[in-house]
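Here are some friendly notes to read with the model open on your screen. Take the points in order and find each residue as you go.

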Amino acid sequence: MLFLREWYTHPNGQIPAYEWNFNDVNPPVHAWAAWRVFQIDRVRRGGVGDYAFLERAFHKLLLNFTWWVNREDVHGRNMFQGGFLGMDNIGVFDRSAGLPAGGYLNQADGTSWMAMYCLNLMRIALELALHNPVYGDVATKFFEHFLFIAVAMTNIGDAGIGLWDEGDRFFYDALALPNGRITQLKVRSMVGLVPLFAVEVLEPELLECVPDFHRRLQWFLKYRPDLAQLVSHWEEPGRGQRRLLSLLRGSRMKALLRRLLDESEFLSDHGPRTLSRVYRDRPFVFDCCGTPLTVTYRSAESDSGMFGGNSNWRGPVWFPVAFLLIESLQRFHHYYGDDFKVECPTHSGRFVTLNEGGRRADAPPDAAVLARRAR
């Protein structure tokens, strides 16, 4: 709540990034944090939720969400820029500064953070709607906004180019040049794994308690088939339909997890790397108007002075995103169950299933699962 008070949050809704640059932008995880605090506190209170806290946070977060939409979506296409967003040591150039070739960057992570933000605010609004039906309308707004963001990621401005590369089976930032050309920056980094964070499971019992929202959801599924394909569902006898809202259907999710669980790419002994290890021996090079820009994997401090020279405060393994990956995988498991399996490590011939606790259920210790390694 401190960061949402008037002496921290700007009247336009911007939350300051850090003490040395209030105008920079951090990933919009405040709604996720407020929802998690509410849930943890409710358990400690014996099931009694602090709805005054949740409602108070929600109103201020509405301002911040609007700031993101108005300031970080350059052309109103539901594609977001944001800046470095904590990924300063794994990019081709400083994403918070003017780009060397001009233009702007459609960010896979910035856009995915906003999709996650939509789902977080939707879930908070649904919880508040259980006590005040007025919030059902706002929940519908964030549900729709999430769908529009998901569509934009596959087709930027109806130009036939998206952030997903079908050949590489991975998400990349897309650089929009002044001449109108859009090109993907094919660096395999945590930027392309952030889409995993945008996931929410809606239980049929919850949907029954918010009939207006449920009717609107059904309307979209019936009359907007282009958007309906983004909402998975399955029928459980005696309970009704459980809904999965995610940027990823099963095939794309498996493709990302194969990269994530590959020891030659992202999986390390200490958690997921923020940059693929393949760039240790074969650095990524981007030709920027005749000037080569290079990204190299470094297992310790950065060898570039562009971001201060010393990245050991974060390093190639970043604990907060490892935590969010674990939470996201748990939500996916909550929907798919134990039958959804991905090989881990990919060369071992063994398979991994995540259970509700995030620990591996059926593979030996020599192929430790991501959640366990991250600890």
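1. On a 1 Å grid over the protein atoms alone, a pocket is an open set of points with protein on both sides within 12 Å along at least five of seven lines, while a cavity is a set of points where a 1.4 Å probe fits but cannot get out. Lining residues have an atom within 4 Å of a point. Grid points are joined across faces, edges and corners, and a volume is the space filled by probe spheres set on the points.

2. **What you are looking at.** This is a predicted model, in which local features need pLDDT of at least 70 and side-chain atom pairs count only at pLDDT 80 or more, while totals for chains, interfaces and linings use all residues. Residues are numbered from 1 along each chain as its sequence is written, and side-chain values use heavy atoms, with hydrogens and water left out.

3. **The second largest pocket.** Its volume is about 450 Å³. Of the 14 residues that line this pocket, Gln39, Glu200, Val201, Arg331 and His334 are the closest to its centre. Helix 1 (30-44), strand 6 and helix 9 each supply at least two lining residues, and helix 9 gives the most, with 4 residues. Helices (H or I, at least four residues) and strands (E, at least two) are DSSP runs, numbered from the N terminus. By class, the lining has 4 nonpolar, 3 polar and 7 charged residues. Here Ala, Val, Leu, Ile, Met, Phe, Trp, Tyr, Cys and Pro count as nonpolar, Asp, Glu, Lys and Arg as charged, and the others, Gly among them, as polar.

4. **The cavities.** How many cavities of 30 Å³ or more are there? The count comes to 4. The second largest cavity holds about 130 Å³ of space. Among the residues that line this cavity are Met87, Ile90, Phe93, Arg95, Asp173 and Val191. Its lining has 8 nonpolar, 2 polar and 2 charged residues.

5. **The whole protein.** You can find 10 helices and 14 strands in the protein. Contact means heavy atoms within 4.5 Å. Of the contacts with a separation of 6 or more, 63% are between residues 24 or more positions apart.

6. Helix 6 (residues 211-223) has 13 residues and reaches 18 Å from its first C-alpha to its last, close to the 18 Å expected at 1.5 Å a residue. The expected span is 1.5 Å times one less than the number of residues. Which residues of helix 6 are buried? They are Phe213, Leu217 and Phe220. These cover an arc of only 60° around the axis, which puts them on the same side of helix 6; the arc is that of the directions from the helix axis to the C-beta atoms. On the other side, Arg215 and Lys222 are exposed. The buried residues pack against several elements, including helix 3 (108-129), helix 4 (135-154) and strand 8 (240-246).

7. **Helices 2 and 3.** Helix 2 has 21 residues and reaches 30 Å, close to the 30 Å expected. Its buried residues include Phe53, Leu61, Trp67 and Trp68, and the buried residues of helix 2 pack against helix 1, helix 3 and helix 4. Helix 3 has 22 residues and reaches 31 Å, close to the 32 Å expected. Helix 3 is mostly covered, with 22 of its 22 residues buried.

8. **Two residues with positive phi.** Asn78 is not a glycine, although its phi is positive, about 60°. Asn78 sits in the loop between helix 2 (51-71) and strand 1 (104-106) and is buried, at 19% relative accessible area. Arg169, also not a glycine, has a positive phi of about 55°. Arg169 belongs to the loop between strand 2 (164-165) and strand 3 (170-171) and is partly exposed, at 24%.

9. Arg298 lies in the loop between strand 12 (291-295) and helix 9 (319-336). Phe340, in the loop between helix 9 and strand 13 (342-343), is buried at 17%. Phe340 and Gly250 are 90 residues apart in sequence and 8.7 Å apart in space, C-alpha to C-alpha.

Conventions:
Buried < 20%, exposed > 50% of the residue type's maximum accessible area, 1.4 Å probe, protein only.
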